[in-house]
Amino acid sequence: MLTREEWLPLARKLDWDYSYVREDEVFPEVISGRPWLPHSEWKDWEESFKTSYREYVDNQYEKDMAVQAVHDAVGRIENVEKLALPWLNSLKVHAAALPLAEFTGVVGNLRGARFGRDSAWRTMATFGALDEYRHTQIPLLLFHPLLRLDSQFDWAHKFYHTNNWFAVAARHFFDELTVGQNAIEFHIATNVVLETGFTNLQFVGLASLARESSDHMFERMVTSIQTDEARHAQIGHPVLATVMKHDPKYAQYLVDKWFWRNWRLFSILTGLSIDYLTALDQRPYSFKEFMEEWIIDQFLRTLDEFGLEKPWYWDLLLDELDIYHHMIYASAYSYRATLWFNFVIPGPAERKWLRQKYPKYWDDMDAVWEQISERWRTVGPGPANEFAVHGTAMPTFCDLCQLPLSAGTPRKNTARVLVHEGRKYIFCSEPCQWIFLREPERYASHTDIVKRVLSGEAPAQLPNLLTEYFNLTPDTWGKDVHSGDYEWLRARKDSAA
Amino acid sequence: MPVPLYGFLQGDTVGLLILADDGDTLEALARKLQAAASLRVAARDPLRVVYHDKIMDPAMTVAQAGFEALDRFDVLSGSK
């Protein structure tokens with residue numbers, strides 16, 4: 001009988017020389033990725049977990065049972081009903097954005113499982129694919145049944161199947177990151193940048209907020225998912241080390257590009273949850289503080305580890321920590337019917353906290369909230385007045401990230417127009433334009449929501465756009481959580497009278 | 001003839017699509033953007049239109065100013 005140490009290498013790291021085909025036919029550059037190198041350059045690829053399939057299954061079974069136990073104890077509808085309304089809406093954001101994004105991770109990992117350049121890499125990517133399938137199923141299982149409580153949870157399944165503007169942006173990101181990506185770029189972008197860095201926002205930051213918000217089900221779910229991420233994220237580091245050795249400029253480009261693309265998406269997904277959709281007394285830190293401690297510091301250590309430089313846009317990114325997600329939240333609030341979750345206006349206490357945490361640009365943001373509050377005060381609270389406190393003109397979107405043109409500051413929006421091969425594009429920021437220009441053939445034919453409206457593909461009138469193109473209904477489109485009926489606003493009205 | 005433009009009002013958090021008429025004056029164009037952003041930005045005068053980094057004559061029309069579809073323009077509001 002062989003011991004584990006004797007048989008494990010045969011199961012997880014077994015390569016051989018090909019005699020009937022060439023190696024570059026088995027691993028074509030277009031799908032394995034560049035730089036294309038012979039296997040002799042990859043043969044030392046290694047990771048530290050060295051898990052067998054049986055160990056993997058046993059371990060995952062235990063974790064699934066633990067999640068199920070917590071679900072049975074505190075994950076029932078009556079438990080969720082007790083959560084604060086803003087946090088419940090944060091859950092809706094993640095219920096929609098997370099599960100099928102994870103499913104695209106299955107596709108990316110399966111590409112690594114076939115086209116990764118070493119057998120140990122391929123073995124680990126197989127587990128990674130199984131992990132991501134788990135990360136699809138668990139949130140679907142936990143979130144989608146909540147539609148009995150609130151029909152907006154239907155978007156747990158529905159979101160990525162719609163042409164909602166945020167779904168278009170998220171698909172644009174995940175299609176490139178995972179679904180349509182070669183194995184090398186996928187593993188660097190996903191394992192090194194996304195999972196070693198940005199998913200800490202979800203799995204550490206949000207887990208902590210969930211605990212503060214007494215949402216033990218969500219806390220347990222994301223913590224369980226994080227244990228998988230910590231394992232399969234190991235794939236990317238030896239991939240990056242090899243690319244760095246043979247083509248450091250390309251390695252730098254991939255890291256720079258994907259750090260920016262991740263920043264754009266996660267500043268919205270997590271920034272809004274931390275700074276707006278968590279009750280003030282349950283916020284242990286601001287989004288910026290969390291980014292600085294968990295993402296920026298860790299990313300800089302990763303760069304050091306590989307001998308990489310800071311991205312060229314680093315100062316711009318640090319400046320955006322103070323403003324970007326605030327610009328997005330105020331814009332999204334004023335177009336809330338275009339989304340599938342509800343919003344809350346920051347009241348005087350929240351605005352005081354935001355001013356303390358974000359002193360650099362808060363004066364300008366405060367003026368925006370003052371104006372929106374004033375509109376509610378003028379028209380009066382109530383569901384019937386929702387659209388009197390809602391944008392009517394079409395908001396605009398970046399031709400790279402597909403997110404609203406909300407970068408820069410209220411004083412100076414950084415959007416920029418570019419004519420490329422006779423067609424006009426607009427980008428929210430210099431890094432988005434830079435990414436486009438590095439690989440225009442990848443992005444040039446995609447049309448944003450504005451171009452779809454102008455071409456007649458999407459309806460121009462807001463009610464039709466919401467229902468026919470964004471697949472929303474009066475029940476599911478976003479509203480003000482309190483229909484504008486805030487105690488602090490009532491007090492202001494009384495004093496004005 | 002309608003001309004779709006990207007409009008950015010100083011003080012606002014998002015750019016807006018403004019359907020201008022090529023016969024609109026730039027003053028009227030600025031007012032259109034100001035009205036479209038009024039939920040978020042309080043109205044202030046005077047309004048100045050900036051196009052290709054230059055402050056434009058408000059009496060010019062969109063056509064005279066050379067605006068083309070999907071160009072960017074900015075509106076500054078309040079005293080200089």
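The model is predicted: local features need pLDDT of at least 70, side-chain atom pairs count only at pLDDT 80 or more, and totals for chains, interfaces and linings use all residues. Residues are numbered from 1 along each chain as its sequence is written, and chains are lettered from A and ligands numbered from 1 in the order in which they are written.

**Chain A overall**

- Chain A has 25 helices and 3 strands; helices (H or I, at least four residues) and strands (E, at least two) are DSSP runs, numbered from the N terminus.
- The radius of gyration of chain A is 24 Å, close to the 23 Å from the globule rule for 497 residues, so chain A is as compact as a globular protein of that length. The radius is taken over C-alpha atoms, and the rule is 2.2 Å times the number of residues to the power 0.38.
- The C-alpha trace of chain A spans about 85 × 60 × 40 Å along its principal axes.
- Of the 497 residues in chain A, 49% are buried. A residue is buried if 20 or more other C-beta atoms lie within 10 Å of its own, exposed if 12 or fewer, and partly exposed in between, with C-beta atoms placed from the backbone.
- Among contacts in chain A with a separation of 6 or more, 76% involve residues 24 or more positions apart. Two residues are in contact if their C-beta atoms, placed from the backbone, lie within 7 Å.

**Contact between chains A and B**

- Chain A puts 29 residues into the contact and chain B puts in 20 residues.
- On the side of chain A that touches chain B, the elements giving two or more residues are α18 (324-334), α20 (362-379), β1 (394-395), β3 (423-427) and α23 (449-455) of chain A. α20(A) gives the most, with 6 residues.
- This side of chain A divides into 17 nonpolar, 8 polar and 4 charged residues. Ala, Val, Leu, Ile, Met, Phe, Trp, Tyr, Cys and Pro count as nonpolar, Asp, Glu, Lys and Arg as charged, and the others, Gly among them, as polar.

- An open sheet of 6 strands runs in the order β1(A)-β2(B)-β1(B)-β5(B)-β3(B)-β4(B), with mixed pairing. Two strands pair if DSSP finds at least two bridges between them.
- β1 of chain A and β4 (54-55) of chain B stand at the edges with a single partner strand each, so one side of each is left without a neighbour in the sheet.
- Across the chain boundary, β1(A) pairs with β2(B) (residues 16-21) in the antiparallel sense over 2 bridges. A:Met394 has B:Leu17 of β2(B) as its bridge partner.
- Within chain B, β1(B) and β2(B) are antiparallel over 6 bridges, with B:Leu5 opposite B:Ile18 in β2(B). Their hairpin has 6 residues between the strands, and B:Gly11 takes a positive phi near 100° there.
- β1(B) (residues 2-9) and β5(B) (residues 72-77) run parallel, joined by 4 bridges. In β5(B), B:Asp74 is the bridge partner of B:Phe8, and B:Val75 is that of B:Leu9.

**B:Ala36**

- B:Ala36 lies in helix α1 (residues 26-36) of chain B and counts as buried because it has 21 C-beta neighbours inside 10 Å.
- Not counting residues up to four places away in sequence, B:Ala36 touches A:Thr392, A:Ala393, B:Leu16 and B:Ile18.
- B:Ala36 and B:Gly7 are 29 residues apart along the chain, and their C-alpha atoms are separated by 9.8 Å.

**Helix pairs in chain A**

- The axes of α4(A) (residues 53-74) and α12(A) (residues 216-232) come within 9 Å and cross at roughly 170°. Axes are lines fitted to C-alpha atoms, for helices over the stretch in contact, and angles run from 0 to 180 degrees between N-to-C directions.
- α4(A) and α12(A) are therefore roughly antiparallel. Angles under 35 degrees count as roughly parallel, over 145 as roughly antiparallel, 65 to 115 as roughly perpendicular and the rest as oblique.
- The residues of the contact of α4(A) with α12(A) divide into 6 nonpolar, 4 polar and 2 charged.
- α13(A) (residues 236-246) and α14(A) (residues 248-269) pack at an angle of about 135° with their axes 5 Å apart, and are therefore oblique to each other.
- A:Leu240, A:Val243 and A:Met244 of α13(A) meet A:Pro248, A:Tyr250 and A:Ala251 of α14(A). This contact has 6 nonpolar, no polar and no charged residues.
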